[in-house]
Each structure stands twice: as structure tokens, then as C-alpha cells.
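Trainee: I would like to go through this model term by term. Please set each value against its cut-off.

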Amino acid sequence: DPKLRNKMYIDLLEDDLGLSLDPEYIYNFGLSLIKDLNRKKMKLKNFIFKKFDSENDVVNTYRNKIKEYSKLMKYYFSEDIIKITNDCPLEIVKIKEKYEPSASYWSSDINNEHKARFKINVYDIKHMNKYEVPRLTMHEAIFLHHLHLNYVLNNDVINNDNYVLNYDVPDWVRLSRYTGTTEGWAHYTEY
């Protein structure tokens, strides 16, 4: 008998919860929780899968994130280290290459004849997600490769506010873009 089952269910609820709730209330409460979860899921989905509107949107989003993170450097690095990075400006370059990563970094040359470049690949923006911007900006541009490679490439260390040659950095590290220290430093500082 459905009425008897309903009464038994209500009695169990009262015994277990100490509340007098009817099954319809619990059912509607459950539906409201599901609706709330669906709203939260949609917000998360919109965040994770938020796409860029145009190539300029990609470049401007990265440019703004670089400005934001540049202001934070003073909390993590000494003025001397920041000066090394600031002495080598970072140029944002938009590229359109099928087989290149979505973002990459190229340090200045040993004579600082060209700027360091943060390359942003806009070849396939429909598959680029905005959630990648913070990590790629940190890894490639501000805290990681740009800071590390400029320090190593310039082979300078600060001593009493004067630059002095640092013979502790071997040429093979200084002249190579691909060393364990390069990616090791980048991944370490991401966390």
C-alpha cells in the first residue's frame, strides 16, 4: 500500500534526522540542490572553456596578464633580480604557425641586440582556452624563462649594486636555451 510505505518513510526520516519532513519536501530539496550544482557546473564550464574572440583578444589577454604579474615581482624577487629582467624588455610577438606551441619564449641574444620575445601562436584560436593564460604567462614570460634566461644569458650577478661578471655560470649553460635548469626552474616556480 503506497500510503503505508509513505508513512513508514516519514517515520524513518523522523527517527534518523529528528525532523518531521515529508517525502515531497525532500524530493524538492534534492531537485534544488541538483539545479544549484548544474548552475555551478555551467559557471565552471564557461570558465574552463572560455574562448578568445579574436587574435587581438589573445594578444591583449596575454599582455594584460604580463602587466599584472610584472607588478607582483617585487613580492617574490629582490630589486637586483628585477633590474636584470627589466634591462631586457619583453616583446610580445604574434605568430601563426601550425606546428608551434600556443606560447613560447625566446631570450635575447648574448649581446642584447634583439629583445626577448614571448611568442603567442594564434594559428588555431578556436581551440585555445583562456584558462591557459596564467600558467603560460608565468612559465614563458614573467617569473620563469624571462627572468631565468636573462639572468643566465647576461652572466651577471649583483655585488654591492654593481654588476660583476659571474664565472660560476658555465658557457654551456649560458649559451644553451635547452638545459635541465631552464625547464626545471620554470616548472619549480610554477608551484
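Mentor: Start with the word pocket. On a 1 Å grid over the protein atoms alone, a pocket is an open set of points with protein on both sides within 12 Å along at least five of seven lines; a cavity is a set where a 1.4 Å probe fits but cannot get out; lining residues have an atom within 4 Å of a point. This is a predicted model, where local features need pLDDT of at least 70 and side-chain atom pairs pLDDT 80 or more, while totals for chains, interfaces and linings use all residues. Residues are numbered from 1 along each chain as its sequence is written, and side-chain values use heavy atoms, with hydrogens and water left out.

Trainee: Which residues line the second largest pocket?

Mentor: R63, I66, K67, S70, M73, T85, N86, L90, I92, I142 and H146. By the definition, each has an atom within 4 Å of a pocket point. The elements giving two or more residues are α3, α4 (79-86) and β1. The largest share, four residues, comes from α3.

Trainee: How much space lies in the second largest pocket?

Mentor: About 150 Å³. That volume is the space filled by probe spheres set on the grid points, which are joined across faces, edges and corners.

Trainee: What makes the classes of that lining?

Mentor: Ala, Val, Leu, Ile, Met, Phe, Trp, Tyr, Cys and Pro count as nonpolar, Asp, Glu, Lys and Arg as charged, and the others, Gly among them, as polar. The lining then has five nonpolar, four polar and two charged residues.

Trainee: Why is the contact of D57 and K130 called a salt bridge?

Mentor: The term asks for a side-chain nitrogen of Lys or Arg within 4 Å of a carboxyl oxygen of Asp or Glu. D57 and K130 are at 3.4 Å, N to O, so they qualify. D57 lies in helix α3 and K130 in the loop between β3 (116-121) and α5 (133-141), so the pair ties together parts 73 residues apart in sequence.

Trainee: Is D57 buried or exposed?

Mentor: Buried means under 20% relative accessible area, exposed over 50%, partly exposed in between (1.4 Å probe, protein chains only). D57 has 15%, so it is buried. K130 has 21%, so K130 is partly exposed. Over the protein chain, 31% of the 191 residues count as buried.

Trainee: What other salt bridges are there?

Mentor: The whole structure has six. One of them joins E55 and K94, again with N and O atoms 3.4 Å apart. E55 is in helix α3 (residues 55-72) and K94 in strand β1 (residues 90-95), so parts 39 residues apart in sequence are tied together. E55 is partly exposed at 23%, and K94 is partly exposed at 39%. D36 also bridges to R39, at 3.4 Å. These two sit three residues apart in helix α2 (residues 23-48), about one helical turn. D36, R39 and K40 form a network of salt bridges.

Trainee: How do you know what counts as a helix or a strand?

Mentor: Both are DSSP runs numbered from the N terminus: helices are H or I, at least four residues, and strands are E, at least two. The protein chain has eight helices and five strands.

Trainee: What makes β1 an edge strand?

Mentor: Two strands pair if DSSP finds at least two bridges between them. The open sheet of three strands has the order β1-β3-β2, with mixed pairing. β1 and β2 (103-106) each pair on one side only, and are the edge strands. Six bridges join β1 to β3, which run parallel. L90 stands opposite A116 in β3.
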